[in-house]
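Colleague: I've got a model open in the viewer and would like to talk it through. Could you walk me around it, one question at a time?

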Amino acid sequence: MSKEVASVPSSRLSRLSKIGGLASRLAGNVFVEGAKQLSKGQKPTFQQLVLTPNNLTQVAEKLAQLRGAAMKVGQMFSMDTGDLLPKELSDILARLRDDAKAMPHKQLVATLKQQWGDDWLAPFAQFELRPFAAASIGQVHQAYLDSGEKLAVKIQYPGIKDSIDSDIDNVATLLKVAQLVPDNVQFDKLLTEAKAQLHHEADYSYEARLLKEYQQWVANDTRFIVPKLYEQHSTDSILVMEFVEGVPIESVSELPQLDRDKVATDLLALFLDELFTFSLVQTDPNFANFMYQKETGSIVLLDFGATRKITKTLSNGYRMLMQGAMTSDKALMTSAAESIGFFQDSITPEQQAFIVDIFYQACEPLRSEGPYDFASSNLAKRITDAAKSLSTKQDEWHTPPTDAIFVHRKLAGIYLLASRIQAKVDVKKLFLAHQ
């Protein structure tokens, strides 16, 4: 896969200068555009002057060049705030999910020498310098050991670890000054969550431990494949794994109905296992984290940087919540939501009921007798719209526990995939297996 190349600014000063330079250009553009429109007798708002195609392109380009936390903020906003942002900004931030640029070869080799030493190439029969994938934190290369084993080598961009907090703060300031974030978005809480998550994702040793733990849970389950870890070659900035073949998970939409149903069923069953049995949830529902093997019918699971350990209290709370939703027991659901931490002390019964209604709607598949048809349902959109409506009412809502936010993100991602591949799943049967 050909990837556009751009050097990654690795020092805090160079990264700050990129953001500062961008802010200066935006200010200049706003001044010029404002003068131009005023000369025509028009009276544009400040946001209209900021949201020009030229400005938005410059924002996206700069975030893509910085990678790391700066790019991740853009990705999170495109996924988590959706319609709360101006459409022009949402559209361009969404492009960042697939728009990462690769490091130049010189910077790549310098990174490999820093991590593995000058003889970094010694263990390999072949090392492909052009990555086959690039994302916000690192890029992935194909390699072969002398023994012939095919590897996927994930290499973190230089400077990412040390720049997380400052990058997020700088981008936040830029978005606030440019008035690109509506007042009703709980911005600071989202940024705090982003910082904590990014510090975990940037520690590849942490990811390696979680990958090994997760691998033990699915070791004897032929429905899933987790790549083998090569610990002897991995560091806190390089993760070396077995290269596993597969096709994009969305491509199963071209397969017969039974195959599509099985994929969605297996992923929902895995999510319930994570929540109620493993107490370990891979919380990133990005479709790129799943592949499918047509010959075996197995789902390949990738990228464990966003994996989180779940407490028994949270797990039991969700079991109660789903039980209540399945049996339409709103009192049980209210009690469960409170135990998870969804209600602040000052919340009114009416506000509680509104939140419980959103959960009730999200659990609609649990009340279906037989397979739930995700293809004919707009459930994912209804849940998203309801959640967005709720997030604008800050006097009625507070940010729930971080783990709960990520659990919801994972479930919403599976719902979206099930809808995309037009699957039918007996969700109630899957849940009852955990009772």
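**A walk around the model**

Modeller: Let's begin on the inside, keeping in mind that this is a predicted model. The largest cavity is lined by Tyr214, Leu270, Glu274, Gln282, Phe290, Leu301, Phe304 and Lys410.

Colleague: And what volume does the largest cavity have?

Modeller: Counting cavities of 30 Å³ or more gives one. Its lining has five nonpolar, one polar and two charged residues. As for the volume of the largest cavity, the figure is about 40 Å³.

Colleague: Stepping back, what share of the residues in the protein chain count as buried?

Modeller: The chain has 16 helices and 13 strands. Among contacts with a separation of 6 or more, 72% link residues 24 or more positions apart. Of the 435 residues, the share that counts as buried is 52%.

Colleague: OK, on to strand 3. How many of its eight residues are buried?

Modeller: Strand 3 covers residues 138-145 and has several partners to look at. Strand 1 (residues 124-127) runs antiparallel to strand 3, with three bridges between them, and Gln126 has Tyr144 as its bridge partner. Strand 2 (residues 133-134) is antiparallel to strand 3 too, over two bridges, and a hairpin through three residues joins these two. Strand 3 is mostly covered, and the number of its buried residues is six.

Colleague: Which residue in the hairpin of strand 3 and strand 4 takes a positive phi?

Modeller: Those two strands pair in the antiparallel sense over seven bridges, with Gly138 opposite Gln156 in strand 4. The hairpin has four residues between the strands, and the one with a positive phi, near 95°, is Gly148.

Colleague: Strand 4 has another neighbour, strand 6. In strand 6, which residue is the bridge partner of Ala152?

Modeller: Strand 4 (residues 150-156) and strand 6 are antiparallel, with five bridges. Four of the five residues of strand 6 (residues 238-242) are buried, so strand 6 is largely enclosed by the rest of the structure. The bridge partner of Ala152 there is Met241.

Colleague: What about His233: buried or exposed?

Modeller: His233 sits in the loop between strand 5 and strand 6. Leaving out residues up to four places away in sequence, His233 touches Trp116, Pro123, Leu145, Ile238 and Val240. Its relative accessibility is 15%, and the cut-off for buried is under 20%, so His233 counts as buried.

Colleague: Now the open sheet with the order 5-10-9-7. Which strands stand at its edges?

Modeller: This sheet has four strands with mixed pairing. Strand 5 and strand 10 (residues 298-301) run parallel, joined by two bridges, and Ile225 stands opposite Val300. An edge strand here has a single partner, so one side is left without a neighbour in the sheet; that applies to strand 5 (224-225) and strand 7 (247-248).

Colleague: Last one: how far apart in space are Ala325 and Val356, C-alpha to C-alpha?

Modeller: Ala325 is in helix 11 (residues 312-326) and is buried, at 0% relative accessible area. Not counting residues up to four places away in sequence, Ala325 touches Met333, Tyr360, Cys363 and Arg367. Ala325 and Val356 are 31 residues apart in sequence, and their C-alpha to C-alpha distance is 9.2 Å.

How values were computed: Residues are numbered from 1 along each chain as its sequence is written. This is a predicted model: local features need pLDDT of at least 70, side-chain atom pairs count only at pLDDT 80 or more; totals for chains, interfaces and linings use all residues. Side-chain values use heavy atoms; hydrogens and water are left out. On a 1 Å grid over the protein atoms alone, a cavity is a set of points where a 1.4 Å probe fits but cannot get out, and a pocket is an open set with protein on both sides within 12 Å along at least five of seven lines; lining residues have an atom within 4 Å of a point. Grid points are joined across faces, edges and corners, and a volume is the space filled by probe spheres set on the points. Ala, Val, Leu, Ile, Met, Phe, Trp, Tyr, Cys and Pro count as nonpolar, Asp, Glu, Lys and Arg as charged, and the others, Gly among them, as polar. Buried means under 20% relative accessible area, exposed over 50%, partly exposed in between (1.4 Å probe, protein chains only). Contact means heavy atoms within 4.5 Å. Two strands pair if DSSP finds at least two bridges between them.
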